[in-house]
Amino acid sequence: MPSMMDAVLVAERLDAGYGTRVIQRDLQFSVRRGEVFVVMGASGCGKSTLLRHLIGLQAPLGGRMLFNGEDFWAQPVARRAKLQQDFGVLYQNAALWGAMTLRENICLPLEAYRPNLCRAELAELAALKLALVGLGGCDELYPAELSGGMRKRAALARALALDPQMLFLDEPSAGLDPINSMALDELILQLRDSLGASIVLVTHELPSIFTVADTCLFLDGQSGTQLALGPPAELLAHGPQAVQRFLRRDTRLAEEAP
Ligand SMILES: Nc1ncnc2c1ncn2[C@@H]1O[C@H](COP(=O)(O)OP(=O)(O)OP(=O)(O)O)[C@@H](O)[C@H]1O
Ligand SMILES: [Mg+2]
């Protein structure tokens, strides 16, 4: 039986970017089963760009990405689409469909990929996912009727619709107050523990990385490559200067908060 800490996603000398413009070069890391893997770095350093490659939206400019040992981008489109069903994604500007209720929003991916389910089964699954993120009973509400924090959790419920092995969250706490942001961190940890999913969490300033991250990848905008990879406490103590500064600034801000 495979251990909980097997690598699910591996980046091998990955070059991230657009067209001929490489934004991050030579990225090397692996995300293990059941871990929270944080991608951090200043605004514009290429975190969301890397995510686009990892979730299968756009091919990297170089290198390989292995998903459960399979070279993702070497696969034909149909196989990639099949593998993508194991990816749940919360985009940076996570938009729920405004004209649809939460139930309908969550049923959308289910209808597309679970065509054998009847209406009642779909509704039941949607209710289950909403309950999982603390929105039980909100099935018939529209996104506009929710607070910002609730909307983030609803988008998370939609990302969970297909029981993904991997969950990719791009700055899920952006725009939330510290309390709601902490609640979301708690939820992320709960989801990891209850679902056994691996979580790739992108953030550019997150005082809470010390609570949620098992491993951190630091992308540097200036050199255009990764500066550090490891558990946050280790990077804080022994990481490169720039990474230590980045982490110190964040913890100091967190400690100073009332
Ligand atoms: N569709 C695109 N085509 C070309 N370049 C792009 C595209 N999207 C983003 N970029 C460029 O890629 C670089 C990295 O952007 P990216 O969105 O990945 O940064 P980020 O680290 O996610 O920043 P933030 O923390 O602000 O979200 C930026 O210089 C940006 O202008
Ligand atoms: Mg981004």
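Author: Start with a pair of residues. Leucine 219 has glutamine 226 in β10 as its bridge partner. Keep in mind that this is a predicted model.

Reader: What makes β9 and β10 a pair of strands?

Author: Strands pair if there are at least two bridges between them. Five bridges link β9 (residues 215-220) with β10 (residues 225-230), and these strands run in the antiparallel sense. They form a hairpin with four residues between the strands, where glycine 224 takes a positive phi near 70°.

Reader: How do you know that β3 and β9 are paired?

Author: The requirement is at least two bridges, and four bridges join β3 (residues 36-40) to β9. These two strands run parallel. Phenylalanine 37 stands opposite threonine 215 in β9.

Reader: Why are the buried residues of α6 said to line one face of the helix?

Author: Leu184, Asp185, Ile188 and Leu191 are the buried residues of α6. Seen down the helix axis, the buried residues of α6 fall within an arc of 120°, so they line one face. In general, an α-helix has 3.6 residues a turn, so residues three or four places apart point the same way.

Reader: Which exposed residues does the face of α6 turned away from its buried side carry?

Author: That face carries Ile179, Asp193 and Ser194. To be called exposed, a residue must have 12 or fewer other C-beta atoms within 10 Å of its own.

Reader: What do the buried residues of α6 pack against?

Author: They pack against β3, α5, β8 (198-202) and α7 (209-212).

Reader: How does the span of α6 compare with the one expected?

Author: Helix α6 (residues 178-195) has 18 residues, and 26 Å is expected at 1.5 Å a residue. From first C-alpha to last it reaches 25 Å, which is close to that. Just after α6, glycine 196 takes a positive phi of about 70°.

Reader: What makes a residue of α3 count as buried?

Author: The test is 20 or more other C-beta atoms within 10 Å of its own. In α3 (residues 102-113), the buried residues are Leu102, Asn105, Ile106 and Cys107. They pack against α4 (119-132) and α5 (148-159).

Reader: Which residues are the closest around ligand 1?

Author: Tyr18, Ser43, Lys47, Ser48 and Thr49 are the closest of the eleven residues that surround ligand 1. Helix α1 (residues 47-54) gives the largest share of this shell, three residues. By class, the shell has three nonpolar, seven polar and one charged residues.

How values were computed: Residues numbered from 1 in each chain as written. Chains lettered and ligands numbered in written order. Predicted model: local features only at pLDDT ≥ 70, side-chain atom pairs only at ≥ 80, totals over all residues. Contact = placed C-beta atoms within 7 Å. Near = placed C-beta within 6 Å. Nonpolar A, V, L, I, M, F, W, Y, C, P; charged D, E, K, R; others polar. Expected span 1.5 Å × (residues − 1). Arc of directions from axis to C-beta.
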